Every structure is written in structure tokens, then in C-alpha cells.
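Thanks, everyone, for making the time.

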Amino acid sequence: MIELLSKDRCVSCNQCVSVCPTNVFEAVSGDIPVIARQSDCQSCFMCELYCPTDALFVTPLAEETSAVAEERLIDQGLLGSYRKNLGWGKGRKSTASADGSYLIFQRMYATH
């Protein structure tokens, strides 16, 4: 479930608003978006994945919400960690080639 939108990191690009399949976020004119419908979050991580500034934290515990401290998430390397672990973003290396299904599809299409 979406737990945090960092006011310090957000650049108001509204990518989270655009990519969220359940309309959790709401754009705010002249300000950063807000988490308007947290309970609608399905923990798909799309918002965290597309956030260019790693300003979002989604917990994999879809049914639980808990107060999270931004400083603690930063210290633990969790803020934007999903995007980082996939290798999305400038200066990061894609991890797709290490994925087993990627390798299977690569081999399958190489034989055609």
C-alpha cells in the first residue's frame, strides 16, 4: 500500500497520478499531488516505478498501513527502492537480464 509521498523530493510531475490504475492520487494545481484514496491502493508499485525522483514508498503489505518516517526510509535505503532494484532511472543498470523469465523469452525468440 502507498505509505509516503515525499514533499521534499516530489517535483509535481504527476506521473503517479497518470500511472496509478486505481486512481489513488489526486493532482493539485500549483502543488504536489496528494494520496487521496490510500485504501484503493493495490500495491502494484507503478507509482514508485515511474517516479523520477524516488519520492514514493509503497509497502508490499497491501492490507496494512503504518506510520512511516521518511528519514528512516531514507536511512534504510527504502525510499524509491523498487525502482532502484529494477534498474530504472539515470545511472542505473537494468536488472531485466538477471530475470529467469527474461532469459527464457530471449532464448525462445533467438531460435526463430
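Residues are numbered from 1 along each chain as its sequence is written, and side-chain values use heavy atoms, with hydrogens and water left out.

With that rule, the count comes to three salt bridges. The side chains of aspartate 54 and arginine 83 form one of them, at 3.2 Å from N to O. Since aspartate 54 sits in the loop between helix 2 and strand 4, and arginine 83 in helix 4 (residues 81-86), the pair ties together parts that are 29 residues apart in sequence.

Taken together, Asp54, Arg83 and Arg92 are linked in a network of salt bridges.

How accessible are these residues? I call a residue buried under 20% relative accessible area, exposed over 50%, and partly exposed in between, with a 1.4 Å probe and protein chains only. On that scale aspartate 54 and arginine 83 are both buried, aspartate 54 because its relative accessibility is 10%, whereas arginine 92, at 28%, counts as partly exposed.

The other pair to mention is arginine 37 with glutamate 26, whose side chains meet in a salt bridge at 3.1 Å, N to O. Arginine 37 lies in the loop between strand 3 (34-35) and helix 2, and glutamate 26 in strand 2, so the parts tied together are eleven residues apart in sequence. Arginine 37 is partly exposed, with a relative accessible area of 27%, and glutamate 26 is partly exposed as well, at 38%.

Now to a charged residue without such a partner. Glutamate 48, in helix 2 (residues 46-50), is buried yet has no salt bridge, and the nearest side chain of opposite charge, that of arginine 92, is 8.4 Å away. In that search Lys and Arg count as positive and Asp and Glu as negative, while His and the chain ends are not counted. What does glutamate 48 contact, leaving aside its neighbours within four places in sequence? With contact meaning heavy atoms within 4.5 Å, its partners include Leu56, Phe57, Val58, Tyr82 and Arg83.

Most residues other than glycine have a negative phi. Phi of serine 43, however, is near 55°, and that of phenylalanine 45 is near 70°. Serine 43 counts as buried at 12% relative accessibility, and phenylalanine 45 does so at 16%.

Stepping back to the whole, the protein chain has five helices and four strands, following the pattern β-α-β-β-α-β-α-α-α along the sequence. Of its 112 residues, 29% count as buried. Among contacts with a separation of 6 or more, 53% come from residues 24 or more positions apart. One example of sequence distance against spatial distance is threonine 59 and leucine 4, which are 55 residues apart in sequence and 9.3 Å apart in space, C-alpha to C-alpha.

Finally, confidence. With pLDDT being the predictor's confidence in each residue, from 0 to 100, the mean for the protein chain is 87, and 92% of its residues reach 70 or more. Confidence is highest in strand 2 (residues 25-26), at 98, and lowest in helix 5 (residues 100-110), at a mean of 75. Where pLDDT is low, the predicted coordinates should not be read in detail.

Notes
Predicted model: local features only at pLDDT ≥ 70, side-chain atom pairs only at ≥ 80, totals over all residues. Helix = DSSP H or I, 4+ residues; strand = E, 2+ residues; numbered from the N terminus. Salt bridge = Lys/Arg side-chain N within 4 Å of Asp/Glu carboxyl O.
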